[in-house]
Amino acid sequence: LERRLSWQILASLIVLPLIPAFLSLLARPGRALNAVVGSGALLFGVAALAVGLWAWTSAPGPLLFRVGGHALDLGLLGLEMLVLAFLFARSLSMRSRGAWVPLLIAAQAGVLAWVELSGALPRAAAPLALDHLGALLLVVTGVVGGLVAYYAGSYMDEEQQHHPGRPDHRGRFFFLIFLFLSAMAGIALSNSLAWMLLFWELTTLCSYLLIRHRGDEASIRNSDLALALNVLGGAFFAAALLWLALGPGPRSLEIHTLLQAGQAALPAAVLLGLAGLVKAAQLPFHRWLLGAMVAPTPVSALLHASTMVKAGVFILLRFSPLYQGSLAGDLLAIIGAFSFLLASLLAVRESDAKRVLAWSTIANLGLITACAGVGGHDALWAGMLLLIFHAVAKGLLFLAVGTAEHRLGARDIDAMQGLLQRQRGLGSLLVIGILGMFLAPFGMLTAKWKVLEAMAENAPLVAILLAFGSAPTLFFWSQWLGALLVIRPRPEPGLPPSPRPQRVAMFALALLTVAAALSFPLISAWVVEPHLALLFPGSPALDLWPLAVVIVLAVAMLGLPLYFSTHPSGALRQAPYMAGAGADDGAGFVNALHQPQALRLQNYRLESVIPAEALGRWALWVGAGLVLAAALAGVLA
Amino acid sequence: MTPLLAALAFLILAPVFGCLLAGLDRIASARMQRRQGPPLLQPWFDLRKLWDKQAAEVNAFQGYYLTGFLLFTAGAGALFFSGGDLLLVIFVLTLGSVMLVMAAYSGASPFANLGAHRELLQMLAYEPMLLLTALGLFKATDSFAVADIVWAQQAPVLVLPGTLLGYLFILTIKLRKSPFDLSSSHHAHQELVRGLTVDMPGRHLALVELGHWYENVLLLGLLWLFFAPWPAWASLPLLGMLYLLEVLVDNSTARLRWEQTLRAAWLVALGLGAANLLLVPFLQRWS
């Protein structure tokens with residue numbers, strides 16, 4: 001029964017998205033292309049979900065698949081060389097970066113070719129593997145990725161209508177989206193580090209080209225930045241391979257073998273973790289993610305919030321058992337906690353909704369990084385749940401901001417004042433997304449609770465950083481929520497409705513956000529605990545009963561609108577307080593010149609207390625210092 | 001069964017204690033200002049009067065948010081007094097505060113909006129120290145459960161002197177006392193006398209007041225945890241003295257600006273809360 005899942009099924013998950021990818025290049029933009037995208041997304045999502053459910057309902061522990069031979073490895077090496085050659089050529093045309101980017105790419109290619117061709121490391125006998133954690137990333141990629149791709153079809157149509165002058169590259173856009181989904185499936189299922197590196201660099205490539213998609217000055221500059229930093233991440237990855245080939249540690253390319261080798265494999269695990277930090281946009285590598293916000297919003301939702309950056313924390317969570325209790329692991333945790341604190345503070349300074357979401361993504365990935373670095377049953381539990389909750393809620397928020405941007409013509413948070421009143425559907429979706437990010441009973445809060453408890457026990461310094469970082473997150477989310485909930489006595493004009501595919505995708509993600517919140521004890525019992533029981537035998541499953549009170553309260557809260565809608569208060573309706581100078585039925589006031597003035601409300605940015613530039617410098621220098629320390633602590637361990 | 005009874009007892013008795021506390025507070029304040037002060041039960045009379053006022057509202061949602069505020073605040077207290085998890089208590093309490101802020105936001109009045117922003121600033125100021133208090137109590141007693149902390153071997157205050165001072169500092173913010181009464185004040189000495197609640201008439205204000213009674217009892221309960229293992233004859237008078245200290249501070253200081261409040265609270269959290277947390281192992285060995 002165990003072996004009924006053949007490697008062909010697993011490999012087909014990686015190959016499957018390539019079909020719609022190539023069809024996208026052929027289909028005519030518009031209806032035909034969207035049909036390809038929709039069916040491809042549906043197929044991939046269902047397939048990923050099916051394999052994931054299969055994995056979670058069977059016994060935990062990695063299923064290793066012995067496939068391929070030298071021919072396949074050589075073929076993949078050739079592909080990898082092609083990807084690197086493309087990146088190399090592109091990096092030469094960069095304007096602002098130094099020579100180190102092409103040099104690093106060349107060095108990476110050299111290391112990879114030598115490692116694979118010289119036989120310094122034996123080829124991975126089982127390059128594919130499936131376990132509970134891998135299935136988690138696979139399902140997140142398939143379900144969230146599929147929904148975002150489906151949404152993107154309609155979004156890119158609108159984008160084309162808004163800018164009729166721009167050349168139409170929708171086919172290439174969706175080719176890259178599906179290529180990216182394939183690469184993500186590859187990362188989730190790879191057991192061979194050589195295979196994983198190919199998929200890793202493919203996500204770098206897709207991200208680089210998608211950030212550049214609009215082709216304007218800002219897009220080109222930011223895609224260059226993303227490429228430069230992600231090449232650095234790839235170099236860390238290659239350094240790990242080099243250490244495995246030359247160092248005293250285990251000679252193996254297989255992840256699960258390294259995990260079994262324990263402390264002997266720590267240096268490789270730390271180097272791979274540093275590669276993960278870059279992909280997860282942790283300090284000091286965070287700047288590319290902010291820049292990536294110039295890309296079309298579905299790209300931000302898919303790559304830069306819900307999936308690609310998750311590949312970074314995925315590798316950290318994967319190697320977490322090795323980090324546990326080591327100095328390097330503690331340093332990784334501090335990098336994560338430091339990212340959480342600084343990104344949360346800097347999010348307060350932003351008024352652009354997408355940039356707020358980007359900072360918040362860095363912050364939440366920092367939380368997961370901290371969990372992975374500290375390790376242990378409780379921290380990993382929180383880290384894995386955070387990965388799920390963040391993917392659905394942040395995906396939803398990005399999509400809703402994208403739709404709002406197209407309706408409002410702005411993506412400033414202040415422009416979203418009273419959005420719930422102006423378009424109930426879209427407003428509700430944003431509200432659900434925000435609630436999912438910071439309030440009970442949604443998972444982020446649940447996970448944060450466990451993170452703090454786990455850190456209090458093992459890493460007080462990390463706990464302190466988290467205590468300081470959690471207050472600013474409360475601040476900027478509440479402000480945003482408050483802006484959405486403003487009710488004007490005389491409503492502003494409504495907004496045009498959103499296209500159906502966008503509504504469907506957002507509704508599905510909202511449903512998933514709520515469902516994840518309600519079913520997290522099940523997720524914990526089926527997905528997370530079995531995985532952890534294997535890693536930490538003997539440590540008891542988490543007691544979730546204390547949360548019962550919170551859930552009861554929240555359900556009561558959600559039930560209250562029913563009461564309020566069936567029992568109209570019959571109260572006198574009064575105009576908002578304007579200190580006696582109201583005008584236009586409370587829509588404005590009479591100013592000092594005795595003229596009516598429309599009321600405009602704005603959020604606080606705390607410019608006078610949060611020095612963004614100084615914090616940015618800190619982020620770079622302290623971050624760089626911590627990364628260096630972690631690398632040294634790891635390699636010298 | 002006992003936790004359930006304790007929670008029920010809190011839900012019924014907390015308003016009584018909260019009301020008496022508010023009455024005593026007003027009398028003590030008055031005496032500090034050389035006034036006679038209102039009768040002890042004045043807060044209760046005020047609440048009744050507010051409740052009997054003609055119902056009015058700025059929108060249909062404000063009542064909902066305020067009911068949520070009351071629900072979560074009372075829920076946090078019930079969780080606390082039934083011996084629950086301290087971090088969860090803080091999270092639920094925070095949830096209640098967010099509901100109060102949403103009630104103010106929804107009104108679209110610039111004054112209420114300003115009050116809401118300032119309330120959020122106050123939360124930004126006190127939240128780190130509040131979490132550090134919970135973390136400190138955990139470090140001192142090895143448990144986040146109130147039920148365990150109460151029965152600890154020694155009083156947490158012995159290893160948490162800094163944390164206690166830090167908590168007293170933010171307690172001033174939480175109790176809406178000067179110099180930190182940014183978002184709404186009982187005194188007429190600031191420009192936004194009732195910023196946060198300016199749009200909340202009659203019954204809504206009564207809900208807010210009731211919520212604060214629950215909240216204040218919970219906050220004093222949290223303060224009591226520092227001395228909980230000591231006998232009642234020692235810990236309760238101490239609690240009363242510390243509360244009087246808060247009233248004294250309230251009456252002898254002028255309101256600060258929000259930047260000052262924020263900086264001061266974070267410095268206190270860093271210098272007292274975080275430092276004490278890291279020093280707990282040494283203090284434990286020493287005491």
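Predicted model: local features only at pLDDT ≥ 70, side-chain atom pairs only at ≥ 80, totals over all residues.
Across all chains, the count comes to 20 salt bridges, and I'll walk you through a few of them.

First up, R123(A) and D73(A). Their side chains meet in a salt bridge at 2.8 Å, N to O. So what does that pair tie together? R123(A) sits in the loop between α5 (100-118) and β2 (128-130) of chain A, while D73(A) is in helix α4 (residues 70-92) of chain A, so the contact links parts that are 50 residues apart in sequence. As for accessibility, R123(A) is partly exposed at 27% relative accessible area, whereas D73(A) comes in at 10% and counts as buried.

Next, D224(A) with R212(A): here the closest N and O atoms are 3.2 Å apart. D224(A) belongs to helix α9 (residues 217-246) of chain A and R212(A) to the loop between α8 (193-211) and α9, so this pair ties together parts 12 residues apart in sequence. Buried or exposed, you ask, for D224(A)? Buried, with a relative accessible area of 7%. R212(A) is buried as well, at 19%, and the cut-off there is under 20%.

Last one: E453(A) and K450(A), again a salt bridge, with the closest N and O atoms 3.2 Å apart. Both residues lie in helix α20 (residues 443-458) of chain A, three residues apart, so about one turn of the helix. E453(A) counts as buried at 11% relative accessibility, and K450(A) counts as buried at 7%.

That's my tour, thanks.

Definitions and conventions:
Residues numbered from 1 in each chain as written. Chains lettered and ligands numbered in written order. Heavy atoms only, no water. Salt bridge = Lys/Arg side-chain N within 4 Å of Asp/Glu carboxyl O. Helix = DSSP H or I, 4+ residues; strand = E, 2+ residues; numbered from the N terminus. Buried < 20%, exposed > 50% of the residue type's maximum accessible area, 1.4 Å probe, protein only.
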